[in-house]
Amino acid sequence: MTTPSPSSPATSTPTSTPTPTPGEQADAAVAAILAAALHGGERGTVVDSPPGAGKSTLVVRAARELVATGERLMIVAQTNSQVDDLVDRLAEADPALAVGRLHGSDALPSEIAMRHPGVVASTKVGDLRELPVVVSTAAKWQWVKETDPWRHAIVDEAYQMRSDALLAVARLFERALFVGDPGQLDPFSIVGTDDWAGQHHDPSQSAVVTLLAHNPGIVPHRLPVSWRLPASAAPLVSDAFYPFTPFRAGTEPGDRRLELGPPTTASGTTLEQAADEVLDVAAESGWGLLELPARLTVRTDPEAVAAVAAVVARLLARGGTAHSERGSAPVDADRIAVGTAHRDQAAAVRGALAALGVTGVTVDTANRLQGREYDVTVVLHPLSGRPDATAFHLETGRLCVLASRHRHACIVVTRAGIPELLDAHPSTEPVQLGVVSKFPDGWEANHAVLEHLRRFRVPVR
């Protein structure tokens, strides 16, 4: 018998490439993004980012690297709170960096931004023009006149920016890095936009959608790792809301743990007992579904509002502790948020919490919770108790925001019957020629989320 030579197929050992760690994946993506922003052939670089993937960290790093090359930089954000947060992050990352905070006469910068000695604020761009970095809102930038354009710009939360706002500021820079989350809520408009639907100049489209439509050579980059969502949540959020740009969690199962004190409501009300039960389920699995009996209700459903408040009150009463890669910390009121679809629902929940003596918990709509992060969130489902499924309540971004603010657990409060409601109310929105259908749509995303949550259901009897 002849012995195979060392180079023969019989003795060759196949080599397998080791799976990169989340950190390695993220570092490779950021390196490619920065290379494109600094040296790419296109005037625009687009970055799609899932929830908690480090958009702000990327913006700060890109800003510092651009300044290090001797460039001056303008940064565009969408709200004053986003601007102040970016200024604070820049100053924290590089205390020696001089940062200009351009603001309106009726919107003074926050103390968080102005606590740094290197931050200079002014209502006039001429006072800040020579600083390495100037940050302001798109609404303020559009009024800047008679100044030479910056070579580089960064547009933060670019999917929240309407295309007409981009048109108003595009004259101020030559190249730009656009960073945003395509799964979040679309830009908001207080006027009807049907007359422009399908037109190439539709002002209600997001800045990124319009940019990509007119610049087919731009291929979006993406951040592949969510550092916020736990391993229990990232697969669902990725599959339900980002099917074409999947991402993974930065942590593994078991890396995070939510520890609660023992329940003390054995003799309490049925609602309190159900709240304790769903908290135990959520602490174990990362998800909980507290389901009230099916019923058509007013928008500020008193029983659903009471259930949300009961869950929050029981969570605080049981003295939760969050264990993660950051260490261990108590789940205090400032680490809990309640998300709703409407402002009147948020107001009703605040009132119910106040009646229970609970203060300090963030209670707001999905629009205002965008970009924020908490240990535990309690969500009043947008379709709970409704007689119909409107486009507003089915909007994919609304459910995506509500389901992706947490680091440890998310508890959804709803009335039974939503799957049947979805099946009875298929989309009846008019089809507009030239408008690209958003996928996945809200109907499909709601079904996917509810199907997953069914395994963690606690009924209120």
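Six strands make up an open sheet with parallel pairing, in the order E16-E15-E17-E18-E12-E19. Strands here are DSSP runs of E of at least two residues, helices are runs of H or I of at least four residues, and both are numbered from the N terminus. Two strands count as paired if DSSP finds at least two bridges between them. The edges of the sheet are strand E16 (362–365) and strand E19 (457–459), each of which pairs on one side only. Neighbouring strands are turned against each other by 20° on average, direction ignored. Axes are lines fitted to C-alpha atoms, for helices over the stretch in contact, and angles run from 0 to 180 degrees between N-to-C directions.

The structure is a predicted model, in which local features need pLDDT of at least 70 and side-chain atom pairs count only at pLDDT 80 or more, while totals for chains, interfaces and linings use all residues. Residues are numbered from 1 along each chain as its sequence is written, and side-chain values use heavy atoms, with hydrogens and water left out.

Within the parallel sheet, strand E17 (residues 374–380) and strand E18 (residues 406–415) run parallel and are joined by six bridges. Val-379 has Val-412 in E18 as its bridge partner. Helix H11 (residues 343–355) packs on this sheet and touches strand E15 (336–340), E16 and E17; the direction of H11 makes about 165° with that of E16. Contact is defined as heavy atoms within 4.5 Å. Four bridges pair E15 with E16 in the parallel sense, and Val-338 stands opposite Val-363 in E16.

In a regular strand the side chains alternate between the two faces of the sheet. E16 is covered on both faces: Thr-362 and Asp-364 on one side are buried, as are Val-363 and Thr-365 on the other. A residue is buried under 20% relative accessible area, exposed over 50% and partly exposed in between, with a 1.4 Å probe and protein chains only.

An open sheet of three strands has antiparallel pairing and the order E11-E13-E14. Strand E11 (257–259) and strand E14 (327–330) are the edge strands, each pairing on one side only. From one strand to the next, the twist averages 20°. E11 and strand E13 (residues 321–324) run antiparallel and are joined by three bridges; Leu-258 stands opposite Ala-322 in E13. E13 and E14 also run antiparallel, with four bridges between them. These two strands form a hairpin with two residues between them, and Gly-327 in E14 is the bridge partner of Ser-324.

Over the whole protein there are 16 helices and 19 strands. Of the 461 residues, 51% are buried. Among contacts between residues at least 6 apart in sequence, 77% join residues at least 24 apart.

Rolling a probe the size of a water molecule over the atoms shows where empty space is left. On a 1 Å grid over the protein atoms alone, a cavity is a set of points where a 1.4 Å probe fits but cannot get out, and lining residues have an atom within 4 Å of a point. Grid points are joined across faces, edges and corners, and a volume is the space filled by probe spheres set on the points. Four cavities of 30 Å³ or more were found, and the largest cavity has a volume of about 60 Å³. The residues lining the largest cavity include Leu-236, Trp-287, His-381 and Pro-382, together with Val-379 and Val-412. Helix H14 (396–402) and helix H16 (442–453) each supply at least two residues of this lining.

Cys-400 counts as buried because its relative accessibility is 0%, and Cys-410 counts as buried at 1%. A disulfide is taken as a pair of cysteine sulfur atoms within 2.5 Å; the count by this rule is zero disulfides.

Most residues other than glycine have a negative phi. Glu-146 has a positive phi, near 50°, and lies in the loop between helix H5 (138–141) and strand E6 (150–156). With a relative accessible area of 85%, Glu-146 is exposed. Glu-157 likewise has a positive phi, of about 50°, and is found in the loop between E6 and helix H6 (163–169). Glu-157 is buried, at a relative accessible area of 9%.

Methods: 1 Å grid on protein atoms, 1.4 Å probe; cavity = no way out; pocket = protein on both sides within 12 Å on 5 of 7 lines; lining within 4 Å.
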